[in-house]
Structure formats: C-alpha cells, structure tokens
Protein chains: 2
Amino acid sequence: MARIVQKFGGTSVADIARLEKVSLKIKKEVDAGHQVAVVVSAMAGETNRLVGYAQSLAGNAKSSEYDVIIAAGEQVTSGLLALALSQIGIPARSLLSWQIPILTDLVHGSARIEQIDPQQLEECWSKGIVPIIAGFQGLTKQGRLTTLGRGGSDTTAVAIAAAVQADRCDIYTDVTGVYTADPRIVPKAQKLKEITYEEMFELAAQGAKVLQTRSVETAMTYQVHVRVLSSFYDEPGTEIVPEKMLNDFIHVSGITYRNDEARITLKNVRNQTQAIADIFETLANADIHIDMVVQNVSLEDSIDLTFTILKGEIPRVVEALQEKTKILYDDLILDPNIAKITVVGVGLQRRLGIASLMFKTLAGLGIPLQVISCSAIKVSVLVDESVAEEAVRVLHSAYGLDKEFEF
Amino acid sequence: MARIVQKFGGTSVADIARLEKVSLKIKKEVDAGHQVAVVVSAMAGETNRLVGYAQSLAGNAKSSEYDVIIAAGEQVTSGLLALALSQIGIPARSLLSWQIPILTDLVHGSARIEQIDPQQLEECWSKGIVPIIAGFQGLTKQGRLTTLGRGGSDTTAVAIAAAVQADRCDIYTDVTGVYTADPRIVPKAQKLKEITYEEMFELAAQGAKVLQTRSVETAMTYQVHVRVLSSFYDEPGTEIVPEKMLNDFIHVSGITYRNDEARITLKNVRNQTQAIADIFETLANADIHIDMVVQNVSLEDSIDLTFTILKGEIPRVVEALQEKTKILYDDLILDPNIAKITVVGVGLQRRLGIASLMFKTLAGLGIPLQVISCSAIKVSVLVDESVAEEAVRVLHSAYGLDKEFEF
C-alpha cells in the first residue's frame, strides 16, 4: 500500500464528462489498495471568469476579497468530484482549505503555505474516505481566505504530499509530461523521462507552464516524489528526481522561452553606485520584480543600465522611475517586444561549451543578443520577440534534442 | 442611528453594473449614520448553473457535497460586493457562513438555521466596516457547509436581523413590493402598503415567490420588522407588520396560485382508517410532503382518497404506494395538470362570505373545484391548470382588488 496524492488541473476537470473520467483514475488507485488524497483546480475557464469580475471592479488589486471570489472555483470542483466518486461507489468528501486547515501567510493573491494539519486527511483514510481537496486556496491565522497564485493547485498538491509524507505526488495535466521544448513551437520536442528538481525549477521559472515554480521549490525542499502525467492518455509521464538519481553525465534537458517581459534601458545614469541602489530600492518599494539586469562597462561618469520587468508592470515602473526618484539619467528606453530564451541543464557550470554553443547558434542565425544571464543550470539570452520561436527550434536541433533519447 | 439589515437578491446583483448600483444603496444608509449589515444571494443564474452540474452527476440528491457546490455562488457575490464598496470608499468585508458562524441542522439542501453568533458583526461595526454576508448557507456543528433551500438568503437576512436585534430588515428584490396577485398574470394587481406576517406566510406558501416561506416564519417568531423593496426603483415597498398594527377590518390581501403540484386519487381504498394511516406513514417515511387532502363521504366500505404532492416527487410517490405498502385500492389516478388558487386575508374566518364569493365566482366561470381547503386566513381550491390564470384575474376583480386602495 502506498500513499498517493493525485492532482488534476483545470482542463482535466473542465466538464462533467471529464470529472467522471478523473473519478475512474482515482478509483483505479483506490482499488489497488492505496491511500489516495486528491487535489483539484477550478474547471477550465472558471478562474478567468471570476478574476474578470474582480478586475472590472478593482483592477488588478489582490485583496482579501479577490481571494474570496476566486477561491470559489476550486470549491465547486471539489464538491463535484466527491459527488462523482460517490456515484461509482468510492466514498469521498470535499475538504476546503479552512476545513483542513491549510494555513498561509497574508499575501493575498500569491500566498505561501506555512502549515498543513494532516489530521483531517488521516481521519478520512481511517474511515476509507478519499479526501478531495480544493487546491489553490489557504487560510490566514486571522480566518480569511487566501489564494496561492496561478498554478497554485500544483503547490497545494506537493505541500499536501509533504505533509502526509506521501510516497508519490502525481500531477495530472493536459500534456503528457515535461518536454525539451514547447511542442507547439518545436514539433520535434521530446518528452523527458526524468528531470531534476533544479532543472524543473528553471524550466518553470523561465516559461514552461507545466508546473508552478513554487510547487517545484516545495518538492525540492521536502524531496517529494513528483510525476507529471496526462489526464487523457495512459502513458508514462516525467519523473522529477534528485540530481543524484540521474546518470552522471552533462546534458541539456530543455529549451524554453517567455515573452511576458519588457526591457527597460536607462541611458547615461549619473552617480552610478548611489543611483543603482536608489533605482532598485524604488522598484522594490513598489513591489516590482526585476529580472535580468546588466550595465555596460564604462570609463565615463555615466552608465547605461538595462533590466527586464513583467509587461503588466510597465506603467508602474515608468511612473516610479520618472516621478518618485531623484535619479539622474538622460533617457528611458522601453522595449516590450522581447523574448527571453533559456537553455536548462544540469552540469552547465561544468561545461562552458554548452553556453557557447547557444551563442554560436544564435550568431549563425544573425540574431543579436541583447542581454545574457547565466546560473548554475541555465543560460538565458534576451532577443527580439519576432525571432524567438525560430531560435528555440534551431537551438533544439543544435543541442541534439530532436532525436528520441534516454537518460 | 438605526441598525439595518439589507438583503439583495439574485437579479439585484446579476452583473457588475448592478453590484455597483447596490453599493450606492448601501452607501446611502451608511452615510445616514446607520449600522448596516448586508446579505447577498448568488448572481442571477449562478445557482441554477451549479445545481445543473450537481444534478448531472447525482440527480436530485441533496448531499453535503451538493451544498459545497452551490454555496460557492453567494461566496462570489459577497466578495464582489465588498470590493465594490471599498471602491467607493466604504470599508466592507465579506463574511461566509463558516466565518460567523451561522450554525444549522444537518438537513443538506434545506437546512434550518439554529444559531447565529453576532460577535463578528459587532466587531465589524465597531471598526466601521460593513459586513457583507453570503446568504443561503450555513455550517453544521461537524464543520460541513449546508444550504437553506431556494430563497434561503431571505431567511439568512431575517435571522441575522433577529440575531443582532436590527431595527429593520430590508429585502431588496426585482419587484417593488408584495402585490395582491402576480402582476404578470393580473395586470391590475395592486401593491400592498402593509401585510401581516400571517398573510405573507400564506402568500409565500401558496406560490407568491417574493419571500421564502421560512423567512416569514422566522420574522414572525422574532417579530423582525421586514420591508420588501425594489432594487431598481426608488419607491416605498411593502411592510410586513404584526396583525394588531393593521386597521381592524376584514380584507383580502392577495390572490395567488401555484402549479407545481400534482393530484393523486386512490379509488376504492379498503379498510379505511388503517389504510389512511398506512398511506401517510409510507409517504412520511419516504420524506414526501403532502398538501391538500380530502376523502369523499361514503356509506360503503371503501373510500376515494385525494391529495396533492410536488410534481417532482411523482415517481417516488407512485413507487412508494405501489410497491412498499399493502394498502388495498382499485386504481391510482394521477393528474399533474392542476393548479391551486388561494385567496389570503386576515379575518377570513370571521366572515365566511369571503370563501363563498370565491366559490360563486368560479362557478360563474364554469370552473369545477376539485378540492377545497381552508385555514384561518386562506381559502384554497384546486382547479384545472389551463383555467388558473383566468380564474386569478376574475377573482382579483371580484374581491375589489383592481382599484388602488389604502389600508
């Protein structure tokens, strides 16, 4: 007997027919004698509908009421799936965040889970009941509802798995696993059999939408055994594993890109050291996340400073930089038409050839690199948005990912 | 300063524009210095959508999961309205049934409120915050969600008003008050300035949809001062008052009908006394509510027994009577095409002429009366469904309700 957490995303529970299929997947594990807990997302489209209501009243503000509104979606799915299971003879009950409780911090709209009491789950299992947990939501110590941000149900599932020391956390989704690139852009993209926590974290952070970044972080911290699987096809997915479990050779596990950022360059910033400190303090105070940062090497008194931000935050950034600081610079150049391409792989830091293959390949395509950024397991470059998809496809070939492979 | 509960129904909160209008109505009372608590329904159509999902999985069964699913609608509205108020500078917060809590019994789908803790409301008021309560839902002592049945938000509002000893409970709805008949059927129907609890109770029970029956019962028990008002037009509505406040003369306050019942006649039931007891015990055990009951006077050993049930329960009633009892009868005659017309008025029992005017009027139209049933403040007759609306119109004239009047 194993203890298994199964998580089903929005497209997997998009309508009643799919909910009934999902209930059969759960039944299969229950019939095999396992202790199963299930985490569900809102039905596809539902969260967008509710966010739309909230936005038309209060814009993008993430308040406690925003969370009350959008948490309703997962509540409905948990009740429906519990009903569907009862109909096929599997005792089940919904569990909402406040009933467990799943305690979080106070950051509405993107709260972090702080504590999960496993008692209600243990009680369900002792009675032979499958708990169906509404994902994506939590409760503050003050008794208010919170939500965990887009993809938050992944994090609920992994955190539940950690809390009950599950043997496995199966994330059922609308893709069949984690791919070396987005198959819609790179038709030859290959499904990975395994990927390390670190690589998965970078892929998620750099634009692969298959898992919420924070869920990977949680899995890494608590060493939760995660599998990414298809809800629709019965085939093996991708396992996320600690690095030591992978064969010890250097490899590239995926190429991804995101185009939701914009580039800002401040020309001729004076008083360099103080100015940079001021700029980043100003933006941090405005709660604006900054990504890639570079400055040119300069012998002059002034420098050019470049960084990227989320496109949605352009107005706030421009306002903050133009009005709220005394930083001296000549010009603010804004380019929203950029894309960040990232190559992710364990061992990149040990073999610089991997980064240089990226630069050589893009140079061969005549694509200028606007910004470069490296970490232990990734290399990212900023390019013009219009060439991003082609670049991903060519890089996918250049790294030898077009052929099927096994690790 | 008064303490006021305002309740807004589904059409009053059907979209964002209407929610914004509702927020202005609340602001008006707050600006006037009153302590206001608000109770909201789900947005129009939302409960039906959610019930539809539940039905497609589990039919009409009302389970704890059914309640988890449909309680989501009011949760969304309470969050949205709190947001809308914040946007116009009125501090507000949503309060869900489990946060207050509103404790109910265990009857899922039509739970009864047993206890409301007013502490959270008092706390909101002490901080100048308007509490926006999700109507229609409650919590069991075991921590599960319940719902109060169709129109349950009315009952939430009246119960909240009783719990906080409110000066007034204003029920805002899509009609401008309580009418002498349904204005869609009787164009000359008049709005009542006042109506007694008892009359309102009968009108609600006999098909007037303006208030949930149970809410009137609660108002009567706790002597809550209820007003029924329009969300859309700024005009005086109908006040529900204790009988002693009305001028002391006999009057008919309304004529209503319902066509959601079916008539069942058992022909030649033998062993009369025992059989009747058996029949009603059988139906009670199956949780089937029986309405009008008559039996013919008979010199024979056998009688004909007629009663009405909700149309939705026909299959269960027929099954119960045919299979689960040993009652002897010759034939079961089922007629779903019936309507019950009811004349409601204080003082009916003191003036029998009111009932006979009804019989005379219907006789004049050539409408056969299938069943008659009287109580202290109403007379109901069962007629063929096809003639019901015409009968209501003619009775409305016959009782002199077509002209504007004042009590």
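## Helix packing and a chain contact: worked exercises

In chain B, helix α1 (residues 16-31) and α4(B) have axes that come within 9 Å and cross at roughly 65°. The model is predicted: local features need pLDDT of at least 70, side-chain atom pairs count only at pLDDT 80 or more, and totals for chains, interfaces and linings use all residues. Residues are numbered from 1 along each chain as its sequence is written, while chains are lettered from A and ligands numbered from 1 in the order in which they are written.

**Exercise 1.** Work out which residues of α1(B) and α4(B) meet, and of what class they are.

*Solution.* Start with the geometry: axes are lines fitted to C-alpha atoms, for helices over the stretch in contact, with angles from 0 to 180 degrees between N-to-C directions. The crossing of α1(B) and α4(B) is right-handed (the near helix is turned clockwise from the far one by less than a right angle). Next, find the partners: B:Leu19, B:Glu20, B:Val22, B:Ser23 and B:Ile26 of α1(B) meet B:Leu80, B:Leu81, B:Ala84 and B:Leu85 of α4(B). Contact here requires C-beta atoms, placed from the backbone, within 7 Å. Finally, sort them: 7 are nonpolar, 1 is polar and 1 is charged. Nonpolar covers Ala, Val, Leu, Ile, Met, Phe, Trp, Tyr, Cys and Pro; charged covers Asp, Glu, Lys and Arg; the others, Gly among them, are polar.

**Exercise 2.** Describe the side of chain A that touches chain B.

*Solution.* Begin with the count: chain A and chain B each give 25 residues to the contact. On the chain A side, α2 (46-58), α3 (64-70) and α4 (72-87) are the elements that give two or more residues. Helices are DSSP runs of H or I with at least four residues, strands are runs of E with at least two, and both are numbered from the N terminus. The largest share, 10 residues, belongs to α4(A). By class, this side has 15 nonpolar, 9 polar and 1 charged residues.

**Exercise 3.** Find how α4(A) is oriented to helix α4 (residues 72-87) of chain B, and which residues make the contact.

*Solution.* Their axes come within 9 Å and cross at roughly 175°. Therefore α4(A) is roughly antiparallel to α4(B) (the term applies to angles over 145 degrees). A:Ala72, A:Gln75 and A:Val76 of α4(A) make the contact with B:Ala72, B:Gln75 and B:Val76 of α4(B). The residues of this contact divide into 4 nonpolar, 2 polar and no charged.

How values were computed:
Two residues are in contact if their C-beta atoms, placed from the backbone, lie within 7 Å. Angles under 35 degrees count as roughly parallel, over 145 as roughly antiparallel, 65 to 115 as roughly perpendicular and the rest as oblique.
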